[in-house]
Amino acid sequence: MPLAVHYTQPPEWRWYILGYFLLAGLAGGAYLLGTLLRLFGRPSDQPASRLSFLLALPLTILCPVLLTIDLGQPSRFWHMMVDTGALGPGLNFAYLSPMSLGVWGLAAFGVCAALTFLEVLATDGRSYPGSRLVTWALGGWLGRIVNVVGSVLGLFVAGYTGVLLSVSNQPVWSDTYALGGLFLASGLSGAGALLILTAPWRRGAEASEDGLAGADGFFALLELAFLVVLFGTLAYAGQLTRTVGSPWFVLWAIVVLSLVPPLAGRFTSRLTVGSGGAAALTNVRVSAAATAVLVLVGMIAMRVAVLWSAQG
Amino acid sequence: MAEAKGFFTDTSVCIGCKACEVACKEWNELQGDPPAFLADSFDNTGKLDAANWRHVKFIENDAHLTASTTVGDGQAWLMMSDVCKHCQQASCAQVCPTNAIVRTEFDTVFIQQDVCNGCRNCISACPFGVIGFSEQTGTARKCTLCYDRLQNQMTPACAKVCPTQSIQFGNLSDLQSAADRRLAQLRQLGYSNAQLYGRDDTVYGGLNSFFLLMDKPAVYGLPTGESARLPSRNDVGGYLGVLIASALAVIGGIVALRRRREPAAPAPQPEPEPEPAATTAGGGDR
């Protein structure tokens, strides 16, 4: 990528946008993991799959809330979708604007996450108006189709936030193609960690910790690869110092540190503890939880470093 | 559609009086920013933003301060009244998700204030740092090229008050001809660095607000070449990264989660002690 000099001003996207980027990654990642566990996992993975779907919807609902609060005119949030100006009336769909695509993607993903959430509740035996209809309609192949479509949308929601930053003229953000893939890999890794953290709250979900740990190791490897691409492209563009200079190097150190345990397979899944192993089991759980927290902290640190370092 | 309008700002005759800044604020009812000492030559405006739609830059060009420099040769101390460029290929309009940024019948770039919802995506995209966010209105704001005055066949306020005709307003084609003549005149006088910026389509397809500069664009803080590119250049590459990451993540996830050996059932305990729920890996769902 050629060297570029920037004369732009920062958009001042700070805490709400950070929260949105975080939740979008977790929601999309949780939904994908739920689908993979459901379609490719073993029967004992189904509790973890259901937990993933139950987590995905609340996380998704919070996304537009944060986005709306961050707007200068929150009551006009719907202008993202409906053209009320000189070119209207009509729907807004600016295909070159990731923010425009993201709004539609988030809405469509929200529909899938809601349908699957209702399906999980209904098949769990929770009764609500229309629950029998939902079980009938989504309990079979149609529900699986919703899962696949929702996973594709979830991957988009988790990754497009990085593209949104790149499609700008801001230093750092616009000097690399790697942010989309990096945010996606980080979101998936964080979602896996969140599932491991919350698994004890749903009976049987811990049985999938070994698989989730394996997946998280792979996601961490993917994140590491995109980090290398990020630093390489930024070095070529002459923006590396700005990104990793003081004080941001502390955050990048946390990011790298958070990748080590998943890469080393330290998300333990060895829950088959021998006789008298209750204490060992507890230690194992604490270790897994601590690793999961570290992964989530790394996920936050990476986004803070990317958002703040570019905006000065 | 009316004929394309624009500004031709001839920096060679700018005297830094800031009348343009004042007239702009007065007509557009902009409060400006609180006065501040910026320790930057005679500049106390700082930058273009939501409250400053014209900004006179004072550039003390040390590189030209030599023994041979004569007072008033237009190179040692550069002045330039900066403004929105009203780009033919506008980065701000390209990323705006609400279609609030449109081209008017005068071929200028205009932010519809009743449509903008203050997402600030245009601020991140504008390569000139022109657009600012107004806390007062909750929207993105910038020069409108006095759209209301144009609709009433009036000259924009800044051009109207410029005492040296540094800011010229008119039909774009007429301005381009005038700029060509002025450049030729300056070159004849020996100003070899004089150049037009945004007159042709090399910068964002051409600028409706273009400049005659006395030095390289970078000296004035203006992007050229690889620095003057549209945000959409990163669309394909960015989404390709997401696509690659998605494919690899799905493959990795399937490999990690595909039917693994079921965990062994817990061995029967000699004494029926209540086990922690977590040890019943593979147990039934709630």
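**Figure 1. The elements of chain A.** Chain A holds 10 helices and 2 strands. This is a predicted model. Read from the N terminus, the elements of chain A follow the order α-α-β-β-α-α-α-α-α-α-α-α.

**Figure 2. The overall dimensions of chain A.** The C-alpha atoms of chain A fill a box of roughly 65 × 50 × 30 Å along the principal axes. Chain A has a radius of gyration of 20 Å. That agrees with a compact globule, because a globule of 312 residues would have a value near 20 Å.

**Figure 3. Burial and contacts within chain A.** Of the 312 residues in chain A, 55% count as buried.

**Figure 4. Where chain B touches chain A.** On the chain B side, 66 residues are in contact with chain A. On the chain A side, 79 residues take part. Four elements of chain B each give two or more residues to its side: α2 (91–95), α3 (121–125), β6 (132–134) and α7 (235–257). Which element gives the largest share? Helix α7(B) does, with 16 residues. By class, the chain B side has 30 nonpolar, 27 polar and 9 charged residues.

**Figure 5. An open sheet in chain B.** Here 4 strands of chain B line up in the order β8-β1-β10-β9. The sheet is open, and its pairing is mixed. Strands β8 (167–171) and β9 (195–197) of chain B form the edges. Each of these edge strands pairs on one side only. From one strand to the next, the twist averages 20°.

**Figure 6. Strands β1 and β10 of chain B.** Strands of a sheet pair through backbone hydrogen bonds, either parallel or antiparallel. Which sense do β1 and β10 of chain B adopt? Strand β1 (residues 5–10) and strand β10 (residues 209–213) of chain B pair in the parallel sense. Their pairing runs over 4 bridges. Look for F8(B): its bridge partner in β10(B) is F210(B).

**Figure 7. A helix packed on the chain B sheet.** Helix α6 of chain B spans residues 172–188. Helix α6(B) packs on the sheet and touches β1, β8, β9 and β10 of chain B. The direction of helix α6(B) makes about 135° with that of β8(B).

Notes: Residues numbered from 1 in each chain as written. Chains lettered and ligands numbered in written order. Predicted model: local features only at pLDDT ≥ 70, side-chain atom pairs only at ≥ 80, totals over all residues. Contact = placed C-beta atoms within 7 Å. Nonpolar A, V, L, I, M, F, W, Y, C, P; charged D, E, K, R; others polar. Rg over C-alpha atoms; globule rule 2.2 N^0.38 Å. Buried ≥ 20, exposed ≤ 12 C-beta atoms within 10 Å, placed from the backbone. Pairing = 2+ DSSP bridges. Axes fitted to C-alpha atoms, helices over the stretch in contact; angles between N-to-C directions.
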